[in-house]
Amino acid sequence: MSEKHEVFISVDVETAGPIPEEYSLLSIGACRVDDDTNAFSCDLKPINHNADPKALEVTGLSLEELDHRGLDPIVGMQRFEDWIVRAVGESGTPIFIGFNAAFDWSFINYYFHKFIGRNPFGFAALDIKSFYMGATNCSWADTRSSQIAKRLKPQRVGNHDALHDAKYQAELFRLVLQTR
């Protein structure tokens, strides 16, 4: 029996606020780190109308608009799981990668378990900021995206569009890998 290989999946989310269940997951973007053209994105119907106005301002998303055009969370999370399975193949193990992963992970983990009863990533996530800190021996203050970008010089920049930011994060992760 051959061992499964790790497939790094960059994931970014946009939300209506700081914590799952109290606030809705609004948008998911994801891509393979080694091939960011292999990507997934969807917008979800809100589970309630609680919102931090600053969160909505940053994303430009509207809860009312997503009520009409967003996917039901069960459908969206099932589609995301289906994409993950295809993206990693039979011999792959998906590894969740995020910039400030604790935040994105909390929503993805909650939504997977609440709406489809399982999380294809398992129970762990890899944080790019922490990985960068370990790879470069820098301080936590130096892990802000502006500081990392200044040192690593990625081609992309973040813009609070979940898929675009997932691709930006994938580029940052690849650049951090090259520093080791």
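Contact here means heavy atoms within 4.5 Å. With that in hand, 66% of the contacts in this protein between residues at least 6 apart in sequence join residues at least 24 apart. The model is predicted, so to speak of local features a pLDDT of at least 70 is needed, side-chain atom pairs count only at pLDDT 80 or more, and totals for chains, interfaces and linings use all residues. Residues are numbered from 1 along each chain as its sequence is written, and side-chain values use heavy atoms, with hydrogens and water left out.

**Overall fold and size**

- The protein has seven helices and five strands, where helices (H or I, at least four residues) and strands (E, at least two) are DSSP runs numbered from the N terminus.
- Going along the sequence, the order of elements is β-β-β-α-α-α-β-α-β-α-α-α.
- The radius of gyration is 16 Å, close to the 16 Å from the globule rule for 180 residues, so the protein is as compact as a globular protein of that length. That radius is taken over C-alpha atoms, and the rule is 2.2 Å times the number of residues to the power 0.38.
- The C-alpha trace spans about 45 × 45 × 25 Å along its principal axes.

**Surface and charge**

- Of the 180 residues, 46% count as buried; buried means under 20% relative accessible area, exposed means over 50%, and partly exposed lies in between (1.4 Å probe, protein chains only).
- Lys and Arg count as positive and Asp and Glu as negative, while His and the chain ends are not counted; the place of a charge is NZ of Lys, CZ of Arg, CG of Asp or CD of Glu.

**Salt bridges**

- Side chains of opposite charge can pair when their charged atoms come close.
- The count comes to six salt bridges, each being a side-chain nitrogen of Lys or Arg within 4 Å of a carboxyl oxygen of Asp or Glu.
- One of them pairs Arg-32 with Asp-34 at 2.7 Å, N to O. Arg-32 is buried at a relative accessible area of 15%, whereas Asp-34 is exposed at 54%.
- Another joins Arg-174 and Asp-36 at 3.9 Å, N to O. Arg-174 lies in helix 7 (residues 162-179) and Asp-36 in the loop between strand 2 (25-32) and strand 3 (39-43), so this pair ties together parts that are 138 residues apart in sequence.
- In that pair, Arg-174 is partly exposed at 27% relative accessibility, while Asp-36 is buried at 14%.
- Arg-69 forms a salt bridge with Asp-43, with the closest N and O atoms 2.5 Å apart. Arg-69 belongs to helix 2 (residues 63-69) and Asp-43 to strand 3, so the pair ties together parts that are 26 residues apart in sequence.
- At 42% relative accessibility, Arg-69 is partly exposed.

- Glu-14 sits in strand 1 (residues 5-15).
- Glu-14 is buried yet has no salt bridge, and the nearest side chain of opposite charge, Arg-69, is 12 Å away.
- Leaving aside neighbours within four places in sequence, the contacts of Glu-14 include Leu-25, Leu-61, His-160 and Asp-165.
- Asp-165 is found in helix 7 and is buried, at 8% relative accessibility.
- Not counting residues up to four places away in sequence, Asp-165 touches residues including Asp-12, Glu-14, Val-157 and His-160.
- The C-alpha atoms of Asp-165 and Gly-29 are separated by 7.4 Å, although these residues are 136 apart along the chain.

**Positive phi in loops**

- Asn-100 has a phi near 65 degrees, a positive value in a residue other than glycine. Asn-100 is in the loop between strand 4 (92-98) and helix 4 (101-116), and is partly exposed at 41% relative accessibility.
- Lys-153, also not a glycine, has a positive phi near 55 degrees. Lys-153 is in the loop between helix 6 (145-152) and helix 7, and counts as exposed at 60% relative accessibility.
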